[in-house]
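Let's take a look at a ligand site and the protein around it. Have the structure open while you read.

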Amino acid sequence: MLLELRKGKDILADIGGIETLEQAQALLEARCDQETLAKLNRITNQDALLKIANAISMTDPDAVFVNTGSAADKRRVRIMSLAKGEECPVAMRDHTLHFDLPQEQARIIDRTFYIVNPDEPTSVLAKSVLRDEANEYLRTHMAGIARGMTLLIGFFSRGPVGAKAAIPALEITTSTYVMHSADILYRHVYEQFDAEVERAGLFFTNVHSEGPNRPEDLPNARVFMDRSWQTTFSLFCTYAGNTLLLKKGNHRFAVDLATYYRREEELSEHMFITGLTGPGGRKTFFAGAAPSGCGKTTTAMVGSDFVGDDLAQLWIAADGTLRAINPEAGIFGIVRDVNQESDPYLITALREEGAEVIWTNVLIDEHGVPYWVGNGEPLPDRGVNFQGEWWAGKTSPDGTPIPLSHPNSRCTVVCTSIGNYNETAAEDPQGVKVSVITYSGRDSDTMPPVWVAQNPDHGVVIGASVLSAATATEVGAKGVRRQPWANEPFIPGPLADYMDAQFLFFNSDRLTEKPIIAGLNYFLTHEARGGEGSGLLGEKRDVKVWLGWLELRAHGDVDAIETPIGYIPKYEDLEKLFAEIGKPYPKELYDKQFAFYVDNILARITLQEEAYRKEPHIPSRLFDVYQEQRKGLEALKAKYGPVISTAQIIEAAQSSRC
Ligand code: SPV
Ligand code: MN
């Protein structure tokens with residue numbers, strides 16, 4: 001086992017200094033009022049009480065508030081947030097606005113570390129810090145950080161209570177905005193916390209404080225994730241991706257569990273979950289990965305039965321099916337380009353009264369109405385945004401234009417406010433049955449809009465080979481980079497271990513109803529296919545067609561063209577699906593989208609292969625698949641040249657069949 005749990009010093013306990021239940025009780029009695037004590041008295045799990053007591057002891061708040069998830073407690077959190085100024089009201093009822101500091105509009109990957117024991121391997125693409133060093137840092141900067149503030153404690157479940165892959169978690173924070181966000185994004189489990197910990201066999205702990213929330217503290221901000229003790233520490237920051245570590249912090253721990261402790265049983269993925277209604281009213285569920293900021297929310301919303309837009313816990317059920325739950329119950333979605341045409345369900349939730357919404361880093365006009373770039377509405381020419389006062393044409397001192405809203409500005413909203421949310425499916429502890437897995441990235445010039453792997457090995461390789469342009473979701477990110485499985489930023493251990501777990505899972509004999517595994521790419525440009533300009537070859541609404549084709553393919557209802565990289569759709573089938581969304585689909589567009597620019601594909605394979613060859617223990621199957629694909633592609637190139645038309649692809653497929 002390459003990851004040993006409970007190894008090394010538990011930093012929270014070490015700094016907090018509380019070792020026994022008696023000490024914990026004494027501290028709680030000294031530090032909490034009667035109401036809080038009464039709430040905590042319902043919790044009997046010793047480990048949880050020790051974590052809570054140590055978090056109080058370490059951060060030293062003036063007061064402690066337990067959020068049980070009752071309507072009254074949630075209201076209190078909102079009121080506290082407005083009073084404290086972490087949020088302010090906006091015009092629409094139940095909507096509020098929160099700004100993160102201008103320098104912290106996304107995940108601070110340069111200050112995000114896994115806490116590791118000596119000689120513990122981590123992903124080559126991640127940063128790590130030794131346990132002793134992290135301990136020292138937290139002792140210096142986090143001890144006493146909550147003085148003058150109230151520490152909020154919540155008990156949550158990552159998934160529907162009772163689901164095999166659901167895990168309870170503690171959120172401990174001084175930030176009312178973080179707790180309010182947790183109220184919207186996660187299921188409270190206060191009443192069943194002890195029982196859930198017993199059932200799951202573990203829980204995650206998250207401790208956060210924004211401290212004084214000043215730009216000058218930001219260099220000292222840290223996101224530390226202790227893999228051994230499944231505890232996160234976050235300080236001097238507010239952006240939810242850095243602070244609400246129930247989300248990506250705990251997702252990383254869940255990836256560790258799936259990779260090292262639940263092999264061939266579970267996967268923990270950066271995937272949306274959505275259902276599509278196919279012929280005869282059948283429902284087919286998809287789980288799809290895409291790097292942050294690459295359209296995952298939009299894709300999920302295209303379904304008739306939306307379940308989740310960011311994370312999926314998958315497992316093999318006793319009946320041999322692949323099941324999935326969403327650990328979340330709300331969305332923290334990017335709002336740029338969300339408009340009536342592209343995201344009708346989301347825009348309704350955001351623009352019509354009825355939903356509770358936290359807006360972050362958008363522009364607010366003088367009437368208290370939020371606006372964002374690409375909302376399809378007339379935009380105001382002034383207001384207040386993440387940089388302060390804003391007016392059309394405003395530039396920063398170096399002359400760069402300041403956008404109306406930050407490209408990573410977001411909305412936080414509960415899923416039940418989204419029109420196509422299938423709450424029954426999403427809350428089912430048995431999960432939904434997944435028949436299609438997709439992987440995609442922001443790829444302007446290489447892969448076609450959709451292709452399906454020949455077998456599970458090829459499917460795993462599609463996931464391992466995601467390459468994507470940088471997005472605004474990480475501070476300082478630029479260029480194009482490898483994003484294996486789109487889960488890469490959240491894989492703590494070596495990619496080889498994760499990959500091995502993927503091969504094992506998707507090839508498992510226990511998985512008798514295997515999903516189809518596909519690649520998706522909506523980002524091909526005109527210039528990459530012989531045209532002009534960087535405009536996209538398709539539109540957002542085409543997503544419905546690509547998913548619709550996969551829905552048919554999963555049920556064996558459409559034939560496909562076999563190629564060295566997998567199966568691609570036939571023109572006639574897509575034409576019909578486009579007609580269903582009321583759009584013509586010219587054959588020339590199909591020819592552009594599905595022609596193979598072989599040198600690009602070969603270069604992609606070489607790039608991935610070279611990168612993986614530098615890492616130890618990468619399963620040889622990956623290289624076998626690359627080799628097989630390279631051979632097939634080179635044979636095509638030898639026959640037809642570097643650009644292979646769809647007619648030639650079809651001809652080659654037919655001749656290989658004869
Ligand atoms: C992402 O960036 O992938 C998100 C938002 O879903 S964050 O909480 O920052 O992870
Ligand atoms: Mn995400």
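Here's a quick tour, from the domains down to the ligand's contacts.

Keep in mind that this is a predicted model. The protein splits into two domains: domain 1 covers 11-85 + 107-261, and domain 2 covers 266-331 + 423-657. Their C-alpha centres are 35 Å apart. Where the two meet, domain 1 puts 34 residues into the contact and domain 2 puts in 37 residues.

So where does ligand 1 go? It lies between domain 1 and domain 2, because both of them give residues to the shell around it. The space that ligand 1 takes up is the largest pocket.

Now for the shell itself. The residues around ligand 1 are Arg-107, Tyr-239, Gly-241, Lys-247, Lys-248, His-270, Ser-292, Asp-310, Phe-332, Arg-410 and Thr-473. Sorted by class, that shell has five charged, four polar and two nonpolar residues.

| Side chain | Distance to an oxygen atom of ligand 1 |
|---|---|
| Tyr-239 | 3.1 Å |
| Asp-310 | 3.2 Å |
| His-270 | 3.3 Å |

And how much of ligand 1 does the protein bury? On its own, ligand 1 exposes 280 Å², and the protein buries 97% of that.

Definitions and conventions: Residues are numbered from 1 along each chain as its sequence is written. Chains are lettered from A and ligands numbered from 1 in the order in which they are written. This is a predicted model: local features need pLDDT of at least 70, side-chain atom pairs count only at pLDDT 80 or more; totals for chains, interfaces and linings use all residues. Side-chain values use heavy atoms; hydrogens and water are left out. A residue is near a molecule or strand if one of its heavy atoms lies within 4 Å of it. A polar contact is a pair of N or O atoms within 3.5 Å; within protein, one must be able to donate a hydrogen and the other to accept it, and residues adjacent in sequence count only if both atoms are side-chain atoms. Accessible areas come from the Shrake-Rupley method with a 1.4 Å probe; for residues, only the protein chains shown count as cover. On a 1 Å grid over the protein atoms alone, a cavity is a set of points where a 1.4 Å probe fits but cannot get out, and a pocket is an open set with protein on both sides within 12 Å along at least five of seven lines; lining residues have an atom within 4 Å of a point. A molecule sits in a cavity or pocket if more than half of its atoms lie within 2 Å of its grid points. Ala, Val, Leu, Ile, Met, Phe, Trp, Tyr, Cys and Pro count as nonpolar, Asp, Glu, Lys and Arg as charged, and the others, Gly among them, as polar. Domain bounds come from an automatic or database domain assignment. Contact means heavy atoms within 4.5 Å.
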